[in-house]
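Me: I've got this fold up on my screen and want to talk it through. Can we go over a few side chains and loops together?

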Amino acid sequence: MQLDELGDEIEQVSAFYAERHSIDRTDDWFVLKLNEEVGELTQAYLARAGQARDKGRSGAELESDFRSELADVLAQVLLIARRFDVDLPDEVARKWLVWKPAQ
């Protein structure tokens, strides 16, 4: 699946969720929600690394939590990009890929 297709599907889910729970998806909400998701990713990472309480979860559950939170962060980044009309592949190419070592 291409990044733009993934973003379209995530937008559908996010819009449905927001409507169902009466969430006003303002510009602030999109950015602040990313911060929330990064915090949850950090918490999952620390638990997985043994640097925070595991809350009785197994190693497999901690790994699953980490992976899920990483997906949440990516989804929120895609939502923000869509909200502000940012072409992420173009921006990554402009910012990162110019430093790609010559082959």
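**Rings, loops and charges**

Me: What is the relative accessible area of Tyr-45, and is the residue buried, partly exposed or exposed?
Reply: Keep in mind that this is a predicted model, where local features need pLDDT of at least 70, side-chain atom pairs count only at pLDDT 80 or more, and totals for chains, interfaces and linings use all residues. Residues are numbered from 1 along each chain as its sequence is written, and side-chain values use heavy atoms, with hydrogens and water left out. Buried means under 20% relative accessible area, exposed over 50%, and partly exposed in between (1.4 Å probe, protein chains only). Tyr-45 comes out as partly exposed, with a value of 43%.

Me: How many aromatic pairs are there?
Reply: Rings of Phe, Tyr and Trp (its six-membered ring) pair if their centres lie within 6.5 Å; planes under 30 degrees apart are stacked, over 60 edge-to-face, the rest tilted. By that rule, the number of aromatic pairs in the structure is two.

Me: What kind of pair do Trp-29 and Phe-30 make?
Reply: Phe-30 is buried at 1% relative accessibility. Its ring centre is 5.0 Å from that of Trp-29, and the planes sit at 80°, so the pair is edge-to-face.

Me: How far apart in sequence are the parts that Tyr-45 and Phe-66 tie together?
Reply: The two ring centres are 6.1 Å apart with planes at 55°, so this pair is tilted. Phe-66 is buried, at 17% relative accessibility. Helices here are DSSP runs (H or I, at least four residues), numbered from the N terminus. Tyr-45 belongs to helix α2 (residues 27-48) and Phe-66 to helix α3, so the sequence gap between the tied parts is 21 residues.

Me: What is phi of Ser-22 near?
Reply: Most residues other than glycine have a negative phi. Ser-22 sits in the loop between α1 and α2 and is exposed, at 69% relative accessible area. Its phi is positive although it isn't glycine, near 55°.

Me: Where is Lys-55?
Reply: Lys-55 also has a positive phi, near 55°. It counts as exposed, with 53% relative accessibility. Its place is the loop between α2 and α3.

Me: Which loop holds Asp-85?
Reply: Asp-85 is exposed, with a relative accessible area of 73%. Look for it in the loop between α3 (59-83) and α4 (88-95).

Technical notes: Helices (H or I, at least four residues) and strands (E, at least two) are DSSP runs, numbered from the N terminus.
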